[in-house]
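Subject: Model handover and helix packing notes

Hello,

Here is the structure for you to look over. My notes on what was found follow below it.

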Amino acid sequence: MRVRALFLSAALWLMHAPAKSQINSDGESTVRGIVEARFTQGLTVELYDAAKHHTVSYDINADGAFEFRGATPGASYLVRVINEHGEAVYQGNVIAGAPGAAPLIIDVARNDLAAAAGDTVSVTELRCPPSRAAVSAAARAQRLSSRGDHARAAESLEKAVAASPDYAEAHTNLAAQYLHLGRYAEAVTECQRAIDLKPSNTPALTNLAFAYMHLGNSEAALSSARAAVHIESGNAQAHFVI
């Protein structure tokens, strides 16, 4: 059983359409869009505000429609769609309150959920594969993460890395949970351990960039993001940090 390495923000299919938005009398913007998918059940949309280091999640309606209220007009946001397994199947940037903007159309239906870059097994894991208990704990963490229970997901992943210290994907995913929880210094430690185990680990490099950005270390954030882009030139999250 394979457990996919998670980004805090992971990109697959991306359509470069700005979001439709309206500005209310209070000076706040509402961002609206539509997710096109074979099945929308279990999908959620997240809006990440890099300036405020804040993420808000919304369930997608049966018709695929969603909207974000209370956005800051003119601000740039990171939008991603998460499936029921906790995997990101879309990511893109939107500008709230852009005049004359078209609706944001997210085409998940075309996405075959190909493995993300860096989703390989490390040499260390080949020599010493994770135990069944570790894999089970990591899988449980993904289910908890998909429900937004990042605290318990982190606890489950802590058990996974305790059982199998060389489990690179568990370290990567634990870092992602720490980012959700605002535990940025711990996220740095887990990302670095994941990269030591698997140097081409673009999810860990990208999450490391986000962690450093939150900690105010722009030089280290830029270095990590550039390393991720060097491996995966189309890495939208790393470009976002840069």
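A definition before the packing: axes are lines fitted to C-alpha atoms, for helices over the stretch in contact, and angles run from 0 to 180 degrees between N-to-C directions. Helices (H or I, at least four residues) and strands (E, at least two) are DSSP runs, numbered from the N terminus. This is a predicted model, so local features need pLDDT of at least 70 and side-chain atom pairs count only at pLDDT 80 or more, while totals for chains, interfaces and linings use all residues. Residues are numbered from 1 along each chain as its sequence is written, and side-chain values use heavy atoms, with hydrogens and water left out.

Overall picture

The chain has eight helices and eight strands. It runs to 242 residues, of which 51% count as buried. Buried means under 20% relative accessible area, exposed means over 50%, and partly exposed lies in between (1.4 Å probe, protein chains only). Take the contacts (heavy atoms within 4.5 Å) with a separation of 6 or more: residues 24 or more positions apart account for 65% of them.

Helix packing

Start with α4 (residues 168–180) and α6 (residues 202–214). Their axes come within 10 Å and cross at roughly 25°. That makes α4 roughly parallel to α6. The cut-offs: angles under 35 degrees count as roughly parallel, over 145 as roughly antiparallel, 65 to 115 as roughly perpendicular, and the rest as oblique. The crossing of α4 and α6 is left-handed, a term for a near helix turned anticlockwise from the far one by less than a right angle (right-handed if clockwise). On the α4 side, T172, A176 and L179 take part; they meet P203, A204, N207, F210, A211 and H214 in α6. The residues of this α4–α6 contact divide into six nonpolar, three polar and no charged. For those classes, Ala, Val, Leu, Ile, Met, Phe, Trp, Tyr, Cys and Pro count as nonpolar, Asp, Glu, Lys and Arg as charged, and the others, Gly among them, as polar.

Next, α6 against α7 (residues 218–231). The axes come within 8 Å and cross at roughly 160°. That makes α6 roughly antiparallel to α7. The crossing is left-handed. From α6, the contact uses T202, L205, T206, L208, A209, Y212 and M213; from α7, it uses A220, A221, S224, A225, A227, A228 and I231. By class, the α6–α7 contact has 11 nonpolar, three polar and no charged residues.

Then α3 and α4. They pack at about 155°, with axes 9 Å apart. That makes α3 roughly antiparallel to α4. This crossing of α3 and α4 is left-handed. The α3 residues are H150, A153, A154, L157, E158, A160 and V161, and they pair with A170, H171, N173, L174, Q177, Y178 and H180 of α4. The α3–α4 contact divides into eight nonpolar, five polar and one charged residues.

Salt bridges

How many salt bridges does the structure hold? Four. The criterion is a side-chain nitrogen of Lys or Arg within 4 Å of a carboxyl oxygen of Asp or Glu.

D166 and R193 meet at 2.6 Å, N to O. This pair links distant parts of the chain: D166 sits in the loop between α3 (150–163) and α4, R193 in α5 (residues 184–197), 27 residues apart. D166 is partly exposed at 24% relative accessible area. R193 is also partly exposed, at 31%.

R183 forms a salt bridge with E186, with the closest N and O atoms 2.8 Å apart. Salt bridges that share partners join E158, R183 and E186 into one network. R183 is partly exposed at 29%, and E186 is partly exposed at 35%.

R152 and D149 meet in a salt bridge at 3.5 Å, N to O. R152 is partly exposed at 39%. D149 counts as partly exposed at 23%.

Where is L181? In the loop between α4 and α5. L181 is partly exposed, with a relative accessible area of 34%. Its C-alpha lies 6.8 Å from that of H150, 31 residues away along the chain. Leaving out residues up to four places away in sequence, L181 touches H150, A151 and A154.

Best regards
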